[in-house]
Every structure is written in C-alpha cells, then in structure tokens.
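User: I would like to learn how to read pockets, cavities and salt bridges in a protein model. Please take me through them one at a time.

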Amino acid sequence: MDSGVERNTRTIEESVVTDFADRLSYGGYLQLETLLSAQLPLSVPEHPDELLFIVQHQTTELWLKLVLHELGTACRLMRMDDLAPALKCIARVKHIQKTLTEQWSVLATLTPAEYAEFRGVLGNASGFQSAQYRAVEFTLGNKHPGMLRVFAADLASHALVQAALEAPSLYDEFLRLLARQGYAIPDEVLERDVTRAWVFTPELVPVLAGIYADTGANWAAYETCEELVDLEDNFQLWRFRHLKTVERIIGLKTGTGGSSGVPFLRRALELTFFPELYAVRTEIGR
C-alpha cells in the first residue's frame, strides 16, 4: 500500500536531463549566480525589508532595459518605413508598462516605519539618477540637456543618456515617416533640433485631424496615433502610481537625491509626449 507522500509526487521522466557537468543549464544561461548575488543590503544589522526595496528597483531596471530595446527597434523600423513590426514593439512596451505600474503595489507594502529604519543607508541614491529611465523619457520626447550633468561621473550612463538625447524621438520618427508617405508635416518639424524637448505644434493638428476624419484611408497612421496615446496614458499611470507610493511611504519629505519629493513628482504629471494627439480630439466631430 503506497503512502500519501508517494501518491503526491511526480515521477521524473527518464528523458529529463539531470547531468549538467558539460551542458548549458538554466542558471548558466540566465547568469543567475551573478543576478542573484547582486542584492547587497547595506543596513547593519540587515533590515528584512531592504531586500524588497532593492529587488523592486533592480527588476524595474531590467524592464527598462527591455523597454529601451523595443523603443530603439521601433524607431529603426519606422526609419525603414516598416510600420507593422514597429507597432509590435510598441505593443510589447505597453505590456511592460502595465507590469511596471502594478509593481508599485509591491513596494507600497513597505510602511513608513519600516522604510525609516534603513532609508539612511541610501545616502543620495535616488531613482532620479536612473540612466535608463531618463533614456526612455528622452526616446519618447521629454528631453532636457541639463540632465546629462547627473551622469557626469558615470561614463557608460552618460553615453546612454547622451545618445538618447541626440537621437530623434519615437514621435520624430513617426512624423518623418508620415512626411515620406505624403502627409503635410511642416518643414520646421522635420528639421527641428531633436536635442530639445518636444513642444506643442498647432500646425500638426489639422494633419492629424485629416487622419482621424478618414480612418479607413489612413488606417496605419491612425492605428499608430492610437498606440502612441496608449504609451502616454500608460506612462502617466506609472508616474501617478510612483507619486502615490512615495507619498504613502515618506509623505512630504525631500527625496534622497535632493528633490522636493512628492511636489517634484507631481509636476512630472504635467509633462506630455504627444500633445497634438490629445489636442486633435477637440477637433474631431466639430
């Protein structure tokens, strides 16, 4: 008569590989020894919640790495007038954004009392200094040359952010693609200094209104406009959850990096990537 334990086990199939002396393993492929040894709490004695804080931010950086990869690929494909696979990249970014937004709920389990016990070990370390986050913002059009100063001491980060600053944004690439397809994109848009932040350009609104007025004849352009709106909506939701999580944990204290904290994050909600795509909504149906 077999025991309950035996009935509740799964037999290892004979074909399952178990000898990895000279084979590539799961851990080897993913470099798990390196990845899982990168969480180094600084609190003494080690505070049990510091690991949560580190993992939250490290996983965010991994997702941002993929976001940058996908946005960069989308820009390259748009330069090649290959819009359909570019939209696939954007769709993937949208799913990553949702994951990043939901991730704030995990950090929100950290109470103010718990965080206060190890916040001091962070020194001036702050998410404001995330080179990948800044590169994502720059790739979407919120550029600020002054931000390069933050990365002056880290050559690799400085190079990443500078490259994003000097490259056309995703919106720039889309508008250039529209121009090549015969849409009346103003020359000042096509020839603008791409190192500057995008500013609202009213001359674009009639062009976009024409796309929305006949979606059947302009389906690819119309679909892309809506995908970009999704990107911005998702980004703003992420910003809002960030703001509310910070407010929940530290209240109105200043940030570790020297910012005003919650007020600084609140001002970010006023920033926009694609203002004409929102302005055109006022014109539709008039």
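Analyst: What follows takes each feature in turn, in a model that is predicted.

User: Which residues line the second largest pocket, and what is its volume?

Analyst: Read a pocket by its volume, its lining and the elements behind that lining. Here the second largest pocket has a volume of about 190 Å³. Its lining consists of Leu68, Gly72, Cys75, Arg79, Ala135, Thr139, Leu160, Ala163, Ala164, Ala167, Pro168 and Glu173.

User: Which helices each supply at least two residues of that pocket's lining, and which gives the most?

Analyst: At least two lining residues come from each of α4 (50–79), α7 (131–140) and α8 (155–166). The most come from α4, with 4 residues. By class, the lining of this pocket has 8 nonpolar, 2 polar and 2 charged residues.

User: How many cavities of 30 Å³ or more does a search of the whole structure find?

Analyst: A cavity differs from a pocket in that a 1.4 Å probe fits inside but cannot get out. The search finds 1 cavity of 30 Å³ or more. The volume of the largest cavity is about 140 Å³. Its lining has 14 residues, and those nearest its centre are Leu64, Gln97, Leu100, Val136 and Phe235.

User: Which helices contribute to the lining of the largest cavity, and what classes of residue are in it?

Analyst: Helices α4, α5 (83–107), α7 and α12 (219–250) each supply at least two residues. The lining has 11 nonpolar and 3 polar residues, with no charged residues.

User: How many salt bridges are found, and what is the general idea behind them?

Analyst: Side chains of opposite charge can pair when their charged atoms come close. The search of the whole structure finds 11 salt bridges. One of them pairs Arg92 with Glu70, with the closest N and O atoms 3.0 Å apart. This pair links distant parts of the chain, since Arg92 is in helix α5 and Glu70 in helix α4, 22 residues apart.

User: Are Arg92 and Glu70 buried or partly exposed?

Analyst: The cut-off for buried is under 20% relative accessible area, and exposed means over 50%. Glu70 is buried because its relative accessibility is 4%. Arg92, at 39%, is partly exposed.

User: Which residues make the nonpolar surface patch?

Analyst: Leu24, Tyr26, Tyr29 and Leu30 make a nonpolar surface patch of about 530 Å². Leu30 sits in the loop between α2 (26–29) and α3 (32–35). With a relative accessible area of 36%, Leu30 is partly exposed.

Conventions: Residues numbered from 1 in each chain as written. Predicted model: local features only at pLDDT ≥ 70, side-chain atom pairs only at ≥ 80, totals over all residues. Heavy atoms only, no water. 1 Å grid on protein atoms, 1.4 Å probe; cavity = no way out; pocket = protein on both sides within 12 Å on 5 of 7 lines; lining within 4 Å. Points joined across faces, edges and corners; volume = space filled by probe spheres on them. Nonpolar A, V, L, I, M, F, W, Y, C, P; charged D, E, K, R; others polar. Patch = residues over 30% accessible without salt bridge, like charges linked within 9 Å, V, L, I, M, F, W, Y side chains within 5 Å. Areas by Shrake-Rupley, 256 points an atom, 1.4 Å probe, with all protein chains shown as cover. Salt bridge = Lys/Arg side-chain N within 4 Å of Asp/Glu carboxyl O. Buried < 20%, exposed > 50% of the residue type's maximum accessible area, 1.4 Å probe, protein only.
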